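Hi,

Here is the structure I promised to pass on. My notes on what turned up follow below it.

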Amino acid sequence: MIIAFCLLFTGIQNSVKAQSGTKSRERTERTKSTERAESFEVYAHRGFRGLNPENTIGGMKNALRTGAILEFDLNITRDKQVIVCHDGVVNPKITLGPGGAPLKMDRNQMAFYQMNYDQVRGYDVGSKANPDFPQQMRFKAHIPLFAALIDSLETYAAQQNLPAPRYFIETKLNEKMDGVNHPGPGEFVNLMMQIVKQKGIQKRMIVQSFDPRTLQVLRKKYPQIQLAFLAKAGTSQDDNLKWLGFNPEYYSANAEYIDEALVAQCARLNIRLITGNCNDYQQILRIAKLGVKRVITDYPMEWLSKRPPE
């Protein structure tokens with residue numbers, strides 16, 4: 001009887017120890033995952049569009065609470081207002097018309113540069129489900145003015161005792177569409193920088209573009225502004241820097257093009273490398289092992305680290 005009790009008691013002890021060990025390992029893995037997530041410099045792509053309606057004030061506030069740098073895009077309206085949106089034209093995929101009406105118009109007829117802001121503001125870019133991001137929350141939201149977005153975020157950060165926001169701003173230009181979807185690069189930069197100077201955010205922003213022309217204007221007229229060249233897929237850094245005409249502070253490249261050679265070349269040129277928009281956590285970890293921990297992504301890093309592989 002005593003022997004049986006001892007065996008039973010020993011079995012219970014071993015079972016408890018095993019469960020305790022499993023829980024301890026799980027806690028350790030969660031801690032490691034959190035530590036890895038916190039070690040990155042994260043750029044919230046369009047305000048973490050995986051979870052929030054893209055380029056909206058509400059989405060940017062949500063992203064700001066995570067400590068991320070806020071990435072967003074700028075365009076210009078006919079009445080020379082600087083607006084925050086990715087496309088130069090209305091995107092029916094994520095947009096509802098005035099009163100919530102679905103859009104059926106040809107996108108080629110809906111360029112923001114052919115509309116005044118009063119018309120642009122009537123579109124709802126937060127209520128329609130985005131099929132690419134099923135976990136994205138929905139709320140009614142308009143396309144904000146650049147100035148209004150900055151005012152809202154600066155006020156929100158102060159109210160919530162958050163660090164001052166940092167901004168990663170992409171200028172959306174294509175030389176073939178000058179005068180159709182946007183003004184030329186000189187006017188675009190002037191309109192943007194009027195607001196930047198008004199709001200006093202020069203030291204907390206980086207300007208990025210695929211199109212080198214706005215970066216060239218900024219380097220000449222506003223050399224204190226930090227710049228990032230956004231490389232198109234399949235292009236070489238040598239060709240891109242030759243095209244640009246100078247070495248920017250940052251260089252953004254798609255994850256699949258980041259290897260030891262590119263990392264070494266950026267180091268030699270004193271250029272900080274950024275992983276372009278990437279939601280593949282294993283790719284992000286691969287690149288981190290090369291020493292690159294700046295990443296643009298649609299999700300907070302801690303959330304992404306727990307997301308099942310696709």
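Asp211 counts as buried because its relative accessibility is 8% (buried means under 20% relative accessible area, exposed over 50%, with a 1.4 Å probe and protein chains only). Asp211 sits in the loop between strand S5 (205-209) and helix H6 (212-221); helices (H or I, at least four residues) and strands (E, at least two) are DSSP runs, numbered from the N terminus. The side chain of Asp211 makes a polar contact of 2.8 Å with that of Arg213 (N or O atoms within 3.5 Å, one able to donate a hydrogen and the other to accept it).

Before you read on: this is a predicted model, where local features need pLDDT of at least 70, side-chain atom pairs count only at pLDDT 80 or more, and totals for chains, interfaces and linings use all residues. Residues are numbered from 1 along each chain as its sequence is written, and side-chain values use heavy atoms, without hydrogens and water.

Next, helix H8 (residues 260-269). Its buried residues are Leu262, Val263, Gln265 and Cys266. They lie on the same side of H8, because they cover an arc of only 165° around the axis (taken from the directions from the helix axis to the C-beta atoms). Glu260, Ala261, Ala267 and Arg268 are exposed on the other side of H8. Among the elements covering the buried residues of H8 are helix H7 (237-244), strand S7 (250-253) and strand S8 (272-275), with contact meaning heavy atoms within 4.5 Å. Just after H8, Asn270 has a positive phi of about 60°.

Happy to talk any of this over.

Best wishes
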